[in-house]
Amino acid sequence: MSAAADGLISALENNFTTIDLALRDLDEEEFKRIPAPDCNSVAWTLWHLSRVIDSFIHTRLRDLPQLWDTNNWAQHYGMPADGENRGLGWTHQMVCDWQPPSRKLQMEYFEQVRSALREYLPGLTDAQMQQAKLIPPVSEPRTVAAALGQMTWDCVSHGGQIAFMRGMYKGMGWHR
């Protein structure tokens, strides 16, 4: 295992614990609620976070089909089968119009993506982490380590947003 992957694994696992604790006792209404104008719901944020992980570890870094496609998640979500749809560029109206599936269904997708990430990261070598790849939408090659750093930052940011919204709805409970 790459020593560089250790830090990513630690950050992601701590973030996953925060997300699990934040989601633990949210009901469906709280899960889907948009807390204020121009904000995203917990449901949308979890979907986006899952889509980012899925696209990074499958198509962007490994040239594999995404779980979104292979397991028909788009159909389960009632969305078009577009592997590039991760919520980037969505307007507030699009977020408001989106009808999220149940929390249970979203957690199933999140768990599949999280499991795939947990299988992938520990096997990375230092040489693989330093491999330069062209990873859209950035037009210059970057290392796998840099791409995983970006993905980790994105996940931790959104994990914090989920925990914050949980705190607004139910008070603290997202920490250990």
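**Ground rules.** I am working with a predicted model, where local features need pLDDT of at least 70, side-chain atom pairs count only at pLDDT 80 or more, and totals for chains, interfaces and linings use all residues. Residues are numbered from 1 along each chain as its sequence is written, and side-chain values use heavy atoms, with hydrogens and water left out.

**Entry: α1 and α7.** I looked up helix α1 (residues 3–23) and helix α7 (residues 103–120). Helices here are DSSP runs (H or I, at least four residues), numbered from the N terminus. The two pack at about 170 degrees, with axes 13 Å apart. Axes are lines fitted to C-alpha atoms over the stretch in contact, and angles run from 0 to 180 degrees between N-to-C directions. α1 and α7 are therefore roughly antiparallel (over 145 degrees). Their crossing is left-handed, meaning the near helix is turned anticlockwise from the far one by less than a right angle. From α1, I noted L12, E13, F16, I19, D20 and L23 in contact (heavy atoms within 4.5 Å) with α7. Their partners in α7 are R103, M107, F110, R114, L117 and R118. By class, this contact has seven nonpolar, no polar and five charged residues. Ala, Val, Leu, Ile, Met, Phe, Trp, Tyr, Cys and Pro count as nonpolar, Asp, Glu, Lys and Arg as charged, and the others, Gly among them, as polar.

**Entry: α3 and α7.** Next I took helix α3 (residues 42–62). Its axis comes within 10 Å of that of α7, and the two cross at roughly 35 degrees. This crossing is left-handed. I counted by class 14 nonpolar, three polar and three charged residues in the contact of α3 with α7.

**Entry: α1 and α3.** The axes of α1 and α3 come within 13 Å and cross at roughly 155 degrees. That makes α1 roughly antiparallel to α3. F16, I19 and L23 of α1 meet V42, L46, L49 and I53 of α3. Here I found seven nonpolar, no polar and no charged residues.

**Entry: rings.** I searched the whole structure and found 12 aromatic pairs (Phe, Tyr or Trp rings, Trp by its six-membered ring, with centres within 6.5 Å). Which residues form one cluster? They are W44, W47, W68, W73, Y77, W90, W98 and Y109.

**Entry: charges over rings.** R33 lies over the face of Y169, 4.2 Å from the ring centre. The cut-offs are NZ of Lys or CZ of Arg within 6 Å of the ring centre and within 35 degrees of the ring normal. The charged end of R114 sits over the ring of F16, 5.3 Å from its centre.

Technical notes: Phe/Tyr/Trp six-rings, centres within 6.5 Å; stacked < 30°, edge-to-face > 60°. Parallel < 35°, antiparallel > 145°, perpendicular 65-115°, else oblique.
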